[in-house]
Amino acid sequence: MKRRTFAAALAVSALVPAMALAHGPTRQKVTVTTEVAAEPAEVWDYIGDFQDLTWHPAVVSQSGEGGNEIDATRVLHLSDQGADGPIISEVLYKYDDEKMTYSYRITDVDVEVLPVTNYSSHLTVKPLDGGGSMVEWRGAFYRGYPNNDPPEELNDEAAVAAVTGIYEAGMEALVEEFGAPGS
């Protein structure tokens with residue numbers, strides 16, 4: 001009996017390293033913040049409408065419905081080719097005007113446009129001590145290729161780089177619009 005238990009334990013322990021390598025992708029997270037000279041209410045007025053992400057330089061146009069109500073939708077057009085160009089479809093799942101924050105999920109995107117799956121994001125404006133605002137954009141997602149051994153353009157690093165680039169471009173646009181504190 002002891003020999004069987006030992007043999008079974010040995011067989012299971014031999015599989016553990018292989019199981020660790022076969023777990024698939026892990027959830028990635030990105031947080032980007034910036035500080036701007038404008039007061040939070042002014043910044044929120046500019047970026048707080050879920051139906052208007054055209055302040056972001058990558059968004060050429062946008063359509064949507066539902067305003068800032070839960071389950072509102074938007075479609076971001078990333079080129080002037082309309083429905084034939086790259087688009088990202090999103091849905092709002094949390095909105096708090098008083099706390100100046102909203103949360104949304106991507107419902108449809110081609111991984112060639114954005115190499116992620118199961119993406120959710122949060123945009124928040126907070127006051128800075130001494131005036132001005134801090135804007136935080138954070139997201140969580142999986143890489144664009146859900147299986148093991150992803151191609152380079154769909155791996156974790158590509159997903160993190162793409163999301164970071166989007167957030168940083170948006171933050172740079174806000175600093176351009178409102179200026180940096182103390183400038």
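**Salt bridges and a buried side chain**

Modeller: Glu136 forms a salt bridge with Arg138, with 3.2 Å between the closest N and O atoms; a salt bridge here is a side-chain nitrogen of Lys or Arg within 4 Å of a carboxyl oxygen of Asp or Glu. This is a predicted model, in which local features need pLDDT of at least 70 and side-chain atom pairs count only at pLDDT 80 or more, while totals for chains, interfaces and linings use all residues. Residues are numbered from 1 along each chain as its sequence is written, and side-chain values use heavy atoms, with hydrogens and water left out.

Colleague: Is Glu136 buried or exposed?

Modeller: Buried means under 20% relative accessible area, exposed over 50%, and partly exposed in between, judged with a 1.4 Å probe on protein chains only. Glu136 has 15% relative accessibility, and therefore counts as buried.

Colleague: Which residue forms a salt bridge with Arg74?

Modeller: Arg74, at 1% relative accessibility, counts as buried. The closest N and O atoms of the pair are 2.5 Å apart, and the partner of Arg74 is Glu90.

Colleague: Which residue has its backbone nitrogen 2.7 Å from a polar atom of the side chain of Gln62?

Modeller: Gln62 is buried, with a relative accessible area of 18%. A polar atom of its side chain lies 3.2 Å from the backbone oxygen of Phe50. The backbone nitrogen that lies 2.7 Å from a polar atom of the Gln62 side chain belongs to Leu53.

Methods:
Polar contact = N/O pair within 3.5 Å; in protein donor to acceptor, adjacent residues only side chain to side chain.
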